[in-house]
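User: Could you walk me through this structure, one question at a time? I have the sequence and the coordinates open beside me.

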Amino acid sequence: MRVYLTGADGMLGTALRHELASRPETADWPVLGVSLADFDIGDAAAVRDSIDAFRPDVVVHTAANAVVDSCERDPALALRVNVGGTRHVAEACRRHGSRLIYISSDYVFDGRAPGPAGYNEDDIPAPVSVYGLSKLAGERIVEAVPDHLVVRTSWLYGGTDPRLDQVLAAAREFLDGGRPRLIDDQFSSPTYIPDLASALVRLLPGALAVRGLLHIANRGRASWYQVGLALAERLGTAHPVPMSMAEAGFVGGRPRDSRLDSTRAAAFVHAMPHWTDALSRYCALLTAGDRGTVDH
């Protein structure tokens, strides 16, 4: 199976490349990962030429401007990358008959009324930010690809960019002797990148006939402050300092509670681990001496 991966140098793209290379059943699959260093995803001709040359069986589209305030400050760029880029990828997939897996976000919801287990795939989106609107627009574009799967996920961590990784940023501050200020009145499903990557690789073959929409996130509900408390306890550092969303000075809107219900996905891959279990595994890497993810 030939796998084409956008956003290959991002948090999820990096984890997917590692997951594909480490699994015996996928290690010999041809994989082409592209990023901004290769071309601008908003350049239709560049996307077309790259995908036409590789002729993938499946495309995993992770590339996005995921900095919420950046999208709010520059909506035109958000639309170019998150909407235009997705359109270019979708058009190429339709032309080649490729399977398209599109990574979307819990920010397509307004966070006002999640169900008891969180938002499920049948709940109606209502974004409150430019970023959320752009991701929802991408979902609608992807629906035109016959073999498509939209995967919504939430609050990713386990990467190397503290702008996008709240847990990484907090871990760095804790290990430097600081007490990070973390929001205690916004909730979602903190999701460890390796767990998401493992689930996604299982969904790559179109033969599984998993199409449409799935929510995939670690189970449970937490604020970043609650995650910070758990992180501090596992690292043996001082506790974080709570603050409200109002104090954070955000430019764009944020859903108050955007926890995702991943029950449907369990039927196709496996039940996602609870966020506390995932955080323990992440911290085990740190306490074992693997400081690569938190070094400056």
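**A cavity and the elements around it**

Analyst: Happy to! Please keep in mind that this is a predicted model. By class, the largest cavity is lined by 6 nonpolar residues, with no polar and no charged ones.

User: How many cavities of 30 Å³ or more does a search of the whole structure find?

Analyst: The largest cavity holds about 30 Å³ of space. Searching the whole structure at a threshold of 30 Å³ or more, the count of cavities is 1.

User: Which elements give two or more residues to the lining of the largest cavity?

Analyst: Let's begin with the lining itself, which is made up of Val3, Leu5, Leu16, Leu20, Val60 and Leu204. The elements giving two or more of these residues are strand S1 (3-6) and helix H1 (11-22).

User: What do the buried residues of H1 pack against?

Analyst: H1 has 12 residues and reaches 17 Å from its first C-alpha to its last, close to the 16 Å expected. Its buried residues are Met11, Leu12, Gly13, Ala15, Leu16, Glu19 and Leu20. Their packing partners are S1, strand S2 (31-34), S3, strand S4 (99-105), S6 and helix H7 (193-202).

**Paired strands**

User: Which residue in S2 stands opposite Val3?

Analyst: S1 is covered on both faces, with Val3 and Leu5 buried on one side and Tyr4 and Thr6 buried on the other. S1 pairs with S2 in the parallel sense over 4 bridges. Across from Val3, the residue in S2 is Val31.

User: And which residue of S3 is the bridge partner of Leu5?

Analyst: S1 also pairs with S3, again in the parallel sense and over 4 bridges. The bridge partner of Leu5 in S3 is Val60.

User: Which residue in S4 is the bridge partner of Val59?

Analyst: In S3, Val58 and Val60 point one way while Val59 and His61 point the other way, and all are buried. S3 is joined to S4 by 4 bridges, and the two strands run parallel. The partner of Val59 in S4 is Leu100.

User: Is Arg55 buried or exposed?

Analyst: Most residues other than glycine have a negative phi. Arg55, which is not a glycine, has a positive phi near 50°. Arg55 sits in the loop between helix H2 (44-54) and strand S3 (58-61), and because its relative accessibility is 53%, it counts as exposed.

User: What about Trp155: buried or exposed?

Analyst: Trp155 likewise takes a positive phi, of about 45°, without being a glycine. Trp155 lies in the loop between strand S5 (148-153) and strand S6 (156-157). With a relative accessible area of 9%, Trp155 is buried.

User: Which residues does Val251 touch, not counting residues up to four places away in sequence?

Analyst: Val251 belongs to the loop between helix H9 (245-248) and helix H10 (263-266), and at 40% relative accessibility it is partly exposed. Val251 and Glu72 are 179 residues apart in sequence, but their C-alpha atoms are 6.6 Å apart in space. The residues that Val251 touches are Asp69, Glu72 and Arg73.

User: What do the buried residues of H8 pack against?

Analyst: Helix H8 (residues 224-235) reaches 16 Å from its first C-alpha to its last, close to the 16 Å expected for its 12 residues. Its buried residues are Trp224, Tyr225, Val227, Gly228, Ala230, Leu231, Ala232 and Leu235. They pack against helix H6 (166-175), strand S7 (181-183), strand S11 (222-223), strand S12 (241-243) and helix H11 (275-287).

User: Which residue just after H8 takes a positive phi?

Analyst: The phi in question is about 70°, and the residue just after H8 that takes it is Gly236.

User: Why is H5 said to be largely enclosed by the rest of the structure, and what covers its buried residues?

Analyst: The end C-alpha atoms of helix H5 (residues 130-142) are 18 Å apart, which agrees with the 18 Å its 13 residues should span at 1.5 Å a residue. Because 10 of those 13 residues are buried, H5 is largely enclosed by the rest of the structure. Among the buried ones are Val130, Tyr131, Leu136, Ile141 and Val142, along with Lys135 and Glu139. The cover over the buried residues includes helix H3 (68-73), helix H4 (75-96), S4 and S5.

Definitions and conventions:
Residues are numbered from 1 along each chain as its sequence is written. This is a predicted model: local features need pLDDT of at least 70, side-chain atom pairs count only at pLDDT 80 or more; totals for chains, interfaces and linings use all residues. Side-chain values use heavy atoms; hydrogens and water are left out. On a 1 Å grid over the protein atoms alone, a cavity is a set of points where a 1.4 Å probe fits but cannot get out, and a pocket is an open set with protein on both sides within 12 Å along at least five of seven lines; lining residues have an atom within 4 Å of a point. Grid points are joined across faces, edges and corners, and a volume is the space filled by probe spheres set on the points. Ala, Val, Leu, Ile, Met, Phe, Trp, Tyr, Cys and Pro count as nonpolar, Asp, Glu, Lys and Arg as charged, and the others, Gly among them, as polar. Buried means under 20% relative accessible area, exposed over 50%, partly exposed in between (1.4 Å probe, protein chains only). The expected span of a helix is 1.5 Å times one less than its number of residues. Contact means heavy atoms within 4.5 Å. Two strands pair if DSSP finds at least two bridges between them.
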